[in-house]
Amino acid sequence: MSKEDQVKVVNPLGLHARAAVKLVLEANRFESDILLSREDDQEVNAKSIMGVLTLAAAQGSEVKVRCEGSDASEALEAIRELFEKGFGEE
Amino acid sequence: MLTIPVSQLLEEGSELRLSQVAGGETGLARHISSARIQKPGLVLVGHTGGLHADRIAIFGNAEMTFLQEMEERDVRQAVRSLVDNSVCVLVITKDYRSPEALKNEADRAGLAVLQTPLLSSSFISRLTAYLEDALAPSTSLHGVLIDVLGVGVLILGHSSIGKSEAALDLVLRGHRLVADDIVDVKLRRNNLYGQGSEIIKHHMEIRGLGIINIKDLFGIASVRDRKKIEIVVELVEWDPDVEYDRLGIDERTYEILDISVPLLIMPVRPGRNMTSIIEIAARNHLLKQQGHHSAFAFQERLNRAISEAGFAASTRTPGEEVE
């Protein structure tokens with residue numbers, strides 16, 4: 001199963017190091033492969049901290065999330081929620 | 001087919017020293033798709049054969065002095081065929097001033113006219129080098145690239161199998177890290193070159209330690225920026241049902257950007273020192289490059305021994321004891 005969607009970085013600090021860790025921990029809860037990309041750039045693995053850090057996504061930037069695997073829908077939902085809630089930051 | 005917008009030449013090609021003279025935003029949005037250049041001098045006298053829209057057109061000394069000697073009306077006529085053939089971009093070298101007629105025609109058609117103080121010859125060599133790199137097919141892989149004894153070893157394998165740990169161990173032994181986790185690969189002249197992405201360059205993530213900077217910890221000689229990929233080592237979970245290579249006679253390959261790279265599939269198990277094995281793989285690769293293939297040489301020795309034994313057996317007289 002393959003699911004994909006665009007999400008927006010809403011928190012003021014962007015996808016910084018601590019936010020990236022939250023994202024990686026969340027991604028690792030799923031069996032599916034989760035891939036992130038910005039604009040037309042190369043995809044990075046959402047389960048790898050270094051991969052997520054290379055995105056260097058600032059507030060307002062759009063990130064494409066692509067999930068492949070048996071729990072793709074749940075994974076996409078969880079990742080989207082994390083982005084929408086600004087990684088739990090104020 | 002890879003292309004780059006004309007604007008990228010201005011933004012990234014600082015060594016090209018370009019500035020825009022005409023053509024506006026429309027001109028900058030056109031795309032370059034060839035690393036080759038053209039000097040379309042004959043277009044100015046009406047010969048448009050051999051003009052390529054995808055290549056950068058360059059006007060140097062000869063073309064510009066020719067234009068300068070013309071009446072404005074004739075210039076307009078001369079450049080029209082160039083402008084109307086939707087050439088991607090025109091570069092004037094040696095800072096020659098563009099005639100007004102050329103500027104106007106270029107603005108009308110949305111052709112970017114750029115200017116550089118460089119001489120045509122040095123501009124062309126810099127431009128070709130820049131374009132070959134910018135237009136090279138590329139991809140990015142999840143793995144670690146390390147220079148082991150001068151051999152570029154790309155370590156692949158799924159998350160948390162121990163790629164970074166193996167690489168760190170190799171760095172401790174004096175080998176040089178190129179990229180951890182994300183390896184950007186470019187194809188140039190049938191060779192694959194890998195490098196790390198700008199932000200995480202020379203950093204590694206080690207579970208339990210966090211992010212570490214290899215260059216700061218081990219010094220400048222422990223890292224390098226780019227390396228040709230010569231072998232791929234894929235770390236896999238040891239599976240008792242899979243037959244791993246026991247002889248090294250059947251050579252496997254891994255395809256990256258349609259280039260075949262020798263592949264070693266390496267089962268990981270406690271007690272197997274991956275670092276030593278990777279280092280030996282690099283040494284073995286160097287031997288093969290020198291024309292010595294250990295596995296083949298061994299096979300030949302064995303075959304010779306077998307055929308000699310067979311020959312001895314066939315010439316033996318019946319009843320004779322074998323020593």
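Q: Let's start with the terms: by relative accessible area, with a 1.4 Å probe and protein chains only, buried means under 20%, exposed over 50%, and partly exposed in between. What makes A:Lys85 exposed?
A: Its relative accessible area is 54%, and the cut-off for exposed is over 50%, so A:Lys85 counts as exposed. This is a predicted model, in which local features need pLDDT of at least 70 and side-chain atom pairs count only at pLDDT 80 or more, while totals for chains, interfaces and linings use all residues. Residues are numbered from 1 along each chain as its sequence is written, chains are lettered from A and ligands numbered from 1 in the order in which they are written, and side-chain values use heavy atoms, with hydrogens and water left out.

Q: Why is A:Glu81 said to form a salt bridge with A:Lys85?
A: The term asks for a side-chain nitrogen of Lys or Arg within 4 Å of a carboxyl oxygen of Asp or Glu. The closest N and O atoms of A:Glu81 and A:Lys85 are 3.0 Å apart, so the pair meets that definition. A:Glu81 has 40% relative accessibility and therefore counts as partly exposed.

Q: What makes B:Arg188 and B:Glu132 a salt bridge, too?
A: Their side chains meet at 3.5 Å, N to O. The pair links distant parts of the chain, 56 residues apart: B:Arg188 is in strand 12 (residues 182-188) and B:Glu132 in helix 6 (residues 120-134) of chain B. Helices (H or I, at least four residues) and strands (E, at least two) are DSSP runs, numbered from the N terminus. B:Glu132, at 27% relative accessibility, counts as partly exposed.

Q: Where does helix 4 of chain B bend?
A: The bend is at B:Ala78, by about 25°; that is the angle between axes fitted to the seven residues ending there and the seven starting there. B:Ala78 is also one of the buried residues of this helix, along with B:Val75, B:Val79, B:Leu82 and B:Val83. Those buried residues pack against strand 5 (56-59), helix 3 (61-68), strand 6 (89-92) and helix 5 (100-109) of chain B.

Q: Why is B:Ser197 called buried?
A: Its relative accessibility is 12%, so B:Ser197 counts as buried. B:Ser197 lies in the loop between strand 13 (191-195) and strand 14 (203-206) of chain B. Contact means heavy atoms within 4.5 Å; leaving aside neighbours within four places in sequence, B:Ser197 is in contact with A:Thr54, B:Ile182 and B:Asp184.

Q: What makes B:Val45 exposed?
A: At 56% relative accessibility, B:Val45 counts as exposed. B:Val45 sits in the loop between strand 4 (37-38) and strand 5 of chain B. B:Gly50 is found in the loop between strand 4 and strand 5 as well, and at 63% relative accessibility B:Gly50 counts as exposed.
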